[in-house]
Amino acid sequence: MLNLSHPTVDIAITCSNFEESLDFYHNKLGFEIVLDLEIPAALARDVGLAPTGFRQVRLKAGNTLIKLMDIEKPPPTPTDEFSAGVRWLTFFVADIQKTVETLKQNGVEFLSESISAPDAAGVVCAKDPDGILIELVQI
């Protein structure tokens with residue numbers, strides 16, 4: 001069992017189009033950029049992060065950091081609607097209707113209207129540029 005020294009888990013996303021992903025997470029969802037750094041090639045290869053060095057931009061989402069990878073030869077956007085790997089990120093919001101209205105004004109397109117669920121007052125999803133679902137939940 002892991003003995004965690006920090007209560008959150010950071011998430012790294014390899015972007016097929018870094019600029020589109022940065023625009024989505026920063027400008028459309030409104031997450032603050034807290035760090036922009038270069039990961040050297042030796043470090044990236046030695047610990048298995050990537051085959052080459054890359055730029056990493058970290059955005060603060062509550063207590064979590066979303067790390068976007070800008071790599072010289074990125075993999076293509078996944079083509080299957082449902083595939084292995086990270087499927088969705090869940091963000092808990094206080095007022096789902098108000099959040100959806102604001103994000104629509106920022107250019108975010110949702111897959112449906114908010115619906116109730118057995119464990120939530122409202123749930124709605126959008127997709128990031130690589131097809132990762134962004135799930136918004138109001139408890």
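In what order do the elements of the chain run from the N terminus on? They follow the pattern β-α-β-α-β-β-β-α-β-β-β, made up of three helices and eight strands. Here helices (H or I, at least four residues) and strands (E, at least two) are DSSP runs, numbered from the N terminus. The model is a predicted one, in which local features need pLDDT of at least 70, side-chain atom pairs count only at pLDDT 80 or more, and totals for chains, interfaces and linings use all residues. Residues are numbered from 1 along each chain as its sequence is written, and side-chain values use heavy atoms, with hydrogens and water left out.

Turning to the chain as a whole, its C-alpha atoms fill a box of roughly 50 × 35 × 30 Å along the principal axes. Of its 139 residues, 33% are buried, that is, under 20% relative accessible area with a 1.4 Å probe, protein chains only. Among contacts (heavy atoms within 4.5 Å) with a separation of 6 or more, 52% come from residues 24 or more positions apart.

Glu 135 counts as buried because its relative accessible area is 16%. Leaving aside residues up to four places away in sequence, Glu 135 touches Trp 88, Leu 89, Thr 90, Phe 91, Val 123, Val 124 and Cys 125.

Definitions and conventions. Buried means under 20% relative accessible area, exposed over 50%, partly exposed in between (1.4 Å probe, protein chains only).
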